[in-house]
Amino acid sequence: MCRRCATLAGIAVLALVCRADGAPRRPNFIVMIADDQRWDAFGVVQREQGVNARFPFVATPNLDRLAGEGFRFRNMFCVNSLCSPSRASILTGCYGYRNGVVNNHTDFPANNVTCATLLRQAGYTTGFVGKWHMGEQTGPRPGFDYSASYVGQGIYFNCPFQMNGQPTKTTGWVDDVSIGYATDFIRQNADQPFLLMVGFKTSHEPFQPREKDSNLYRGERARSVPNLGVQAIYARDEYFRPTTDLPPKVPVDLDYFRTLTDLDQAVGRLLTTLDDLRLADDTMIFYCADNGFYLGEHNLVDKRSAYDESLRIPMLVRYPRIAGGGKTIDGMALNIDVAPTILDYAGVPIPPSMQGRSWRPLLEGNAENWRESFFYAYYYEATFDIPMVTAVRTTKAKLIRYPAQPEWTEVFDLEADPYEVHNLVDDPGSAELRKKLELEYFTQAKAIGFQVPSYADDPKNDLPPPGLDKWVLEYNFDQSPEPIDRSGSNNNGKNVGPAHTGPGRPGHAARNFASDGYIEVPNSKTLAPAVMGWTVEVTFKAEKPDGVVFARGGASNGYCLYLDKGRPIWTVVGQGHRSSLYIPLIVTNKWLTLTASMTDDHRMRVLFNGQETSVGRLGNYILSDPMESMQIGYDAGSPVAPLKQVPAFVGLIESFRIHNGPLP
């Protein structure tokens, strides 16, 4: 007897079983997880908010359809507003300190008990597609029979996937590719119960929609809200001026919403597949995000901290076997509840290790004594400027504590102040509220057994490893027509297009870049810049004032040197956050050696002919390999520079080399 049949025969507690008389079979489950999608970044929410809608232009008809045919949770939260920890909590039903994932660079432990591992034991076929994002974890995804996934953040276009761990090239917009794999999995498993989890890259920075939608929402602006005029207590900016005099509308990154509309269309393809296969009635769909996202509130971008724009996430649930039809649920729901809910509806016992609760009482209208508060924890990461944050949020108020800075404690009355503008921590009239929140904080911390794992408490654990401290690529363009690496690391290049040669400085030859050719340098372990310190040195003469001298990676992770009106700009992108060092010198039509570095003390440096010219702060280290190859004389992948298109370099390059490690 096969494993599936044997398991089915031994499980007598299943709530729904396949029957020959046409009665409902055990439900299929599909969990779709968007990245960084705010709770209000839906058409249906914007319409509900009416004149108070911040983004009334956003269109998500397929997600609106899910909401209209099922349930929409209006008070859904994550227990750590960060990609990997949230995804791990969705899988395990546990806080990160328990499942081992509290940051973005930890592999998911293969021995974790998850909804996937338990459903496999109960006879389900399990599949994972798309963004896994547990550090740089490779290989088949733990707990799943099938996986078509990519490493780390991936890239928006032509993203390399791994099919059950085997590298596979893809073409197109990454979430379209993921939906293609997802619909294939559904078709192949239509005759048996399955769990399918789909991770999307949308709407993570750098917000790259399909080309056809690059002008969608052109000219639109967001409505102002009061917390645009205040600043996060932990992120003091000396140039920021608090204000209550805000314009009615403010600019917003429209590419964020363009990617969401593109994602909505991809979700529509999946819904159509279920309809065509007549699986919709037997499939329970969950659609959520891993965390929220700031769009200027509290003068912030990103997430991580404990204001509601970061904590609050979307959740849609559709299962036609229970009445939905556009109902809204206001009970406080958490991302650790997803796994217990799936197990409950599959008829599989929920293990005591799971800290979440099944939503069956909420969905079926008989919830009693439902939670009215929860504990939140974000652990400090050495590569970001956000301190460790803990909080308790109730249905009406919030207490935020910064363990290393108790003077930053915040208290908010969310009924009177939903935008969290007025900190009541020292308000005599709010002393009783603070006292109640502090009691609830410690009650919830004790209830979950909150702790700070040793690996999260040491900032050194959060830093990239030391570099190799050696030159790993050295090109001189005075001999071989193909670029030969003289460092001994075998990082040889390939000419793409014509390879011109020309005179360099006296006694030297040089490669002449005439805008119709460039050099491609393949990926290798020695060229991965996710280390402490990195240096690139190039001797060149630019003949035109604009162009890419070299580029590696893309808009999620990478670095480049480009010329803008004759001035060099050294740019580094770490985890989607761009830092640029502008050099106030015109360099066209002159020979020079430029050395550009990322240092191990969070600095960017540029030297001309050995003399330091510019120094600036590096926002984020590059924590994962960009996956894209390097180009000399061009940027052939997703652009590293903050421009939609940067022209190719025109001029001469005499030598090019890379040092893996701190500046020598």
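Noting my terms before I start: a polar contact is a pair of N or O atoms within 3.5 Å; within protein, one must be able to donate a hydrogen and the other to accept it, and residues adjacent in sequence count only if both atoms are side-chain atoms. Helices (H or I, at least four residues) and strands (E, at least two) are DSSP runs, numbered from the N terminus.

This is a predicted model, where local features need pLDDT of at least 70, side-chain atom pairs count only at pLDDT 80 or more, and totals for chains, interfaces and linings use all residues. Residues are numbered from 1 along each chain as its sequence is written, and side-chain values use heavy atoms, with hydrogens and water left out.

**Helix 8**

I looked at the start of helix 8 and found a side-chain oxygen of Asp253 within 3.1 Å of the backbone nitrogen of Asp255. After the helix comes Arg278, with a positive phi near 55°.

I traced four strands in the order 17-18-19-20, with antiparallel pairing (at least two DSSP bridges between two strands). Strands 17 (373-378) and 20 (410-413) are at the edges with a single partner strand each, so one side of each lacks a neighbour in the sheet. Strand 19 (397-401) meets strand 20 through four bridges, and Ala397 has Asp413 as its bridge partner.

**Strand 25**

I found three antiparallel bridges from strand 25 (518-521) to strand 22 (494-496), with Glu520 partnering Lys494. Strand 25 also pairs antiparallel with strand 34 (630-632) over three bridges; there, Val521 stands opposite Met630.
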